[in-house]
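Please consult the sequence and structure shown below.

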Amino acid sequence: MTATTYEPTRQRSPHFFDSLFASLGIFGLALRRNRAGMVGFIGLMIYAVWVLIGPYLVPFDDQVRLDQIASPPGSRLVMITRVEDVSRYTSLDDLNGQTVGVLDRSGGETMVEPYEDSGALEVETERFSSGRGVPALLDQLAEGDVDAVVLFSDAAKRYLTPSSSGENDYPGLVVSNAELGRPYILGTDTQGRDILSHIVHGGTTLITTALVAGLMSTLIAVVLGAMAALVGGMVDTIVTAIANLVLTIPSFPLLIVLAALIQLNNPLMLALLIALLSWPVLMRAIRSQVLSLRERDYVEAAFALDLGLRHIILREILPNMMSFVAINFIFAVTRAMYDQVGLIFLGMVPINDYTWGVMLYFGRSRGTLFSPDSASMVLSPVIAIALFQVSMVLFARSLEEMFDPRLRTAK
Amino acid sequence: MATHTPTAPALEAAPVPSFHLLDYLRRFYANYTVRTIFKALVTIWAVITFTFFLIRLMPGNPVEVYVDFLMNQQNMTYDEAYSRAASQFRFDPDASPVTQYVEYMGHLLQGDLGESITSSGTRVIDQIARFLPWTIFSVGLGLLISFTLGATLGTIMAYKRNTFIDHTLSLISSILSAVPNYIWGLMILIIFGVQLRWFNVGELRGTYSPTMTPGFTLEFLGDVLKHAMLPVLVYVTGSIGGWMLNMRNSTIGTLGEDYVGVARARGLTSSRILLAYVGRNASLPMFTLLAINIGFIIGGSVIIEELFVYKGIGSFLYWSISQRDYTSMQGVFLIITISVVVSNLMADLLYSRLDPRVRVSGEK
């Protein structure tokens, strides 16, 4: 540092952001020592990419397919031919000029989309009644009206594999080895829609809302906690009394009542509501931290110099508890996630967006929770939420150990 | 308390009697226990008042909800449905909230929680008496198990600090505490109930089997435990991680204290050090957390009880909110608030029993 840029005031009291970056500096070093924290950090990075970029890569699947309800994970399109044609038609190219039967993918309509949409191949297409028309389609294939049928592997399996009695309804038909299209990695929901696309799209609003709620809650806690501790007197009494009152009211039931009251049509309102009910615990912790910090010499010096409350909070107090605030911000986010998904799960928030929470709500309200066939529909969002929460907490715990030497596990 | 009887002011000729009353009150208020109880009462009153007006601000009232129900289910016209609903409910939607509040508080002071609005003739207190014990039972059992188990494991972790056991248990407790309890509930339900069929999900609904007759028989108790199994399991999984981590950190802090080192130097047995020196001091902060947790878990029981169709106070609250049954809602809020306040009070008192330092500073 050269003499011209030397700023004595800055040296004594680091700016808010300076300390933030400083704490990020040792961050990589500490993460290397803490494997669980590393896993959490990588998990969060994956979620960040998923939430920010995922929706652009995987289009939201809103097509109802009544023939493909609740198909298990890994289901994909397959080609079915007559046994004698099995060696003739092994790929879509072999079907050039032939007739292919395709089930309608819009559901319920009697029209069938031309196969080009999914196969990108010019073939003569037949139109079939759709919906639960799989048997009709297979009949036509058996009678020779069409040369091949393209179906979802799950639906094909249901009709073509022998049942327990050893009967096969279509002995003359067989699944050729051609598998077409991309598989439904997570299967489909009760309307035959791709669950994976819902999982990719369902996190954005939830995570953003949780982050905003956590941020607001932390902000309220820091401002009120610091004010209560530094100003003292009436302000302290009132803020503490309000905090105790909010802590006493059962917060989740209150949240339900408020959610009904405010008609949460936008996620921002929901975030604000969650924040307004969740600040007191952190505020009390910050108040006691600030109370101990204000006894330090440099804070007393700042008071003596009459540097103003804003300066004292932002430049003297806050930099010294940045790590504490950062860790508690993460916990506030997980708490907000708990409240938010809980509210959605109970059906207390209007459904504007097909989030993981809404998937859980439908799982409960449509009874798919209790159907062995549709486990994927509820388990997928459950695991998505669980892994997010685990990543957050592992990351926060590693930060905690990093900043509190007493807890540090590595020697 | 006997020392506070106003004998001294009576002897002197009091110039202004009200001054003595104030003085008396002030001395009375200076008493730690009195002050704590007074604060608790004020808190309860504030919560009642706050929630009273809040739930009446909710869109829709019991009559409207019932009118909607009648119009949809029995194809009544609005007027028919309205007159039916109005005659059936002892509730006037047009009365001003302030009048309702004064009336309600009057009844409340006489210990009367009023009648349920949507099911006339049913007293709210009876409803609460019917549903609350199940929640106290399941939440209490869950907390007891998770607290004991968590504190034990936390102490083990602290003693085995930096070993494989500590790392593994730390990771497990982080994961357990991170995932919301209803998410654990969903996982348990789907994986073990629906997929693996370890238990019959349908049979475990409710608080006990409908074929059972309640009574103190072994059979009935077994049935009750079986039905409470899932909620209790979820309360334990959801909160044990927090206890483990808190106990671990608290014990590590205590282990570093001088008095523990001195106790070791005096050659005390390690079990005595563990119980009388480390355990006692390390578990102190846990009691405050326990009080906070009780409120949190009872509040969260709404989701868990809805999920497992366990007929406790949480599921009753959910029902009364969806029906806009003001008096029932109000009663449940009151009960939950009282339980939170009382558990806070008990934590304070317990704390002062366990930690003489608090007792001394509190009585000063």
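In which crossing, right-handed or left-handed, does α3(B) pass α15(B)? The crossing is right-handed. The model is a predicted one.

## Packing of α3(B) and α15(B)

Two packed helices are described by the angle between their axes and the distance between the axes. Helix α3 of chain B, residues 32-57, packs against α15(B) at an angle of about 155°, and the two axes lie 10 Å apart. Because angles over 145 degrees count as roughly antiparallel, α3(B) is roughly antiparallel to α15(B).

On the α3(B) side, the contact includes B:Thr36, B:Ala40, B:Ile44, B:Val47, B:Phe52 and B:Arg56. Among the residues that α15(B) contributes are B:Tyr326, B:Met329, B:Phe333, B:Leu334, B:Val341 and B:Asp348. By residue class, the contact of α3(B) with α15(B) comprises 13 nonpolar, 5 polar and 2 charged residues.

## Positive phi in two loop residues

B:Asn162 is not a glycine, yet its phi is positive, at about 65°. This residue lies in the loop of chain B between α7 (124-159) and α8 (164-178). Its relative accessibility is 23%, so B:Asn162 counts as partly exposed.

B:Arg324, also a residue other than glycine, has a positive phi near 55°. The loop that holds B:Arg324 runs between α14 (313-323) and α15 (326-354) of chain B. With a relative accessibility of 12%, B:Arg324 counts as buried, because the cut-off for that class is under 20%.

Key
Residues are numbered from 1 along each chain as its sequence is written. Chains are lettered from A and ligands numbered from 1 in the order in which they are written. This is a predicted model: local features need pLDDT of at least 70, side-chain atom pairs count only at pLDDT 80 or more; totals for chains, interfaces and linings use all residues. Side-chain values use heavy atoms; hydrogens and water are left out. Helices (H or I, at least four residues) and strands (E, at least two) are DSSP runs, numbered from the N terminus. Buried means under 20% relative accessible area, exposed over 50%, partly exposed in between (1.4 Å probe, protein chains only). Axes are lines fitted to C-alpha atoms, for helices over the stretch in contact, and angles run from 0 to 180 degrees between N-to-C directions. Angles under 35 degrees count as roughly parallel, over 145 as roughly antiparallel, 65 to 115 as roughly perpendicular and the rest as oblique. A crossing is left-handed if the near helix is turned anticlockwise from the far one by less than a right angle, and right-handed if clockwise. Contact means heavy atoms within 4.5 Å. Ala, Val, Leu, Ile, Met, Phe, Trp, Tyr, Cys and Pro count as nonpolar, Asp, Glu, Lys and Arg as charged, and the others, Gly among them, as polar.
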